[in-house]
Amino acid sequence: MLPILCLALCGLLTGTRADPGALLRLGMDAMNHEVQSAMKESNILEKMAAEAGKNRPGMKPIKGITDVKVKDVLLPVITLSFVPEVGVFQCVSTGMTITGKSFMGGNMEIIVVLNITATNRLLQDEETSLPMFKSEGCEVILVSVKANLPSNMLPKVVNKFLDSTLHKVLPDLMCPAIDAVLVYVNKKWTNLNAPMPVGQVGTVKYGLSSAPTTTASYIQVDLSPVVQKQEGNTIELPATGGDLGAPKNYAEGSSQVLLTAAFLTAELTLLQKSFNVKIQKSKVGGRPTTKTLAGFIPEVAEAYPKPKPLVTKIKINKPPKVTMKTGKSHLHLHGTIEMAASRRKGKALKSLFLLEVHLNLEVQYSVHENKLQMATSLDRILSLSQESSSIGQFNEQELTGFLTDYLRKAYIPIVNDVLQVEFPLPDFLGMKYSQSELEVVEVETQGEHPGAEFEVEMIVVQFALQLLAHHQLTVSRGGGALMGAK
């Protein structure tokens, strides 16, 4: 079965606080993919076979056989299973032919089929704070043995010979293969907590908030993302309001990455100043003039009998905020809109009015080169109030239609240009994100108090892992979370 990767952005329903941060849930498909890749990349069994005939410190010789060589190593079959609160149980089934000269004289061949088993304990590295696997209790179990020993040797003698050789020697020969594979897997966590740039405005880093845990169905890694401005200041995420949960309706073996909407809001805060603009020309629809405004506010015509071009200043004075509801995600921008004009060419601009505004933008998500990309469209102006005016009092609500149309043409393209910086997704186990599509899901999440549950809504984005598979991505609501899997 192809692995499924899911990326979700979630949020809590209104009235609850979201758990900030991020969460990785790795299912069996992901672990199988990584262990199989590590086994293939390391060529470890072939290397073990090549080392078999060499004298190495601590390596027990095979009694009764000299000039030992190992050949014809079979392609291993790897079986994994989760061990709750421990890690992953691993069984590697393979076979090989051991050759050499026997104590009876002549060439000898032993064809062995065996299982290498070990428990890979999941830990948090004390030095790097990254997840790591460490093997324990490695055993080699002989499934079948065929040897071309002389026919006049008694069965008991043969069994004693095999017991004194293979059972004692094979663990030293084969168990290092398990450790070598885990070295490859552990290396693929290296980039997880490395700072990744968000354009030129700051960085994001995914650090572990606690030691990883294992259940019967998946490995869970709780992350505490750090969003830092270019000048070094860290943007604080809201306090935890409950345990961050992941959707339960994904296929058995699939994996998820969950990023909270509170975290995404913190990332957008890096761009807050970039949303402040001075618009003198619009690429679409031309430049509005005082005559345009006079159609809504008669006082403008009295102050400016002749049409004068308008200059619009937009300032976002609160951090951008992401919220979600079923089927949609929104970006909220709180700030001011000021329109100004000069009475004569070359003269200083004079402010006509300053309005406080709350813009509600609909967000579309996609994945591009392992980064989350956003594009927006203006849904509506949620509130509009008059802060000051040089043309007297007027009903600012009369401007709602005009401003909505104007902002869609002149301001939203600027917002989308700013959002082209994109936001880095967690870099773990060589994950590649691509080809996404979105859908909305809901999940129950446990609150701070026993028995307290609330629904989290999220947009699921399905996407394919470039190396191997078909994956998914998700995005969701409120102070909530964003998620991905494999």
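I looked up Lys-188 first: Lys-188 and Glu-34 form a salt bridge, with 3.4 Å between the closest N and O atoms. My cut-off for a salt bridge is a side-chain nitrogen of Lys or Arg within 4 Å of a carboxyl oxygen of Asp or Glu. Glu-34 sits in helix H1 (residues 28-42) and Lys-188 in the loop between helix H3 (155-187) and strand E8 (196-198), so the pair ties together parts 154 residues apart in sequence. I took helices (H or I, at least four residues) and strands (E, at least two) as DSSP runs, numbered from the N terminus.

The model is predicted: local features need pLDDT of at least 70, side-chain atom pairs count only at pLDDT 80 or more, and totals for chains, interfaces and linings use all residues. Residues are numbered from 1 along each chain as its sequence is written, and side-chain values use heavy atoms, with hydrogens and water left out.

Next I checked burial (relative accessible area: buried under 20%, exposed over 50%, partly exposed in between; 1.4 Å probe, protein chains only). Glu-34 is buried at 1%. Lys-188 is partly exposed at 22%.

I then turned to Glu-41. Its side chain meets that of Lys-188 in a salt bridge, 3.4 Å from N to O. Glu-41 lies in helix H1 and Lys-188 in the loop between H3 and E8, so this pair links parts 147 residues apart in sequence. Glu-41 is partly exposed, at 43%.

I also looked up Arg-380. Arg-380 pairs with Asp-379 in a salt bridge, the closest N and O atoms being 3.7 Å apart. Arg-380 is partly exposed at 46%, and Asp-379 is partly exposed at 28%. Shared partners join Glu-34, Glu-41 and Lys-188 into one salt-bridge network.

Count noted: six salt bridges by this rule.
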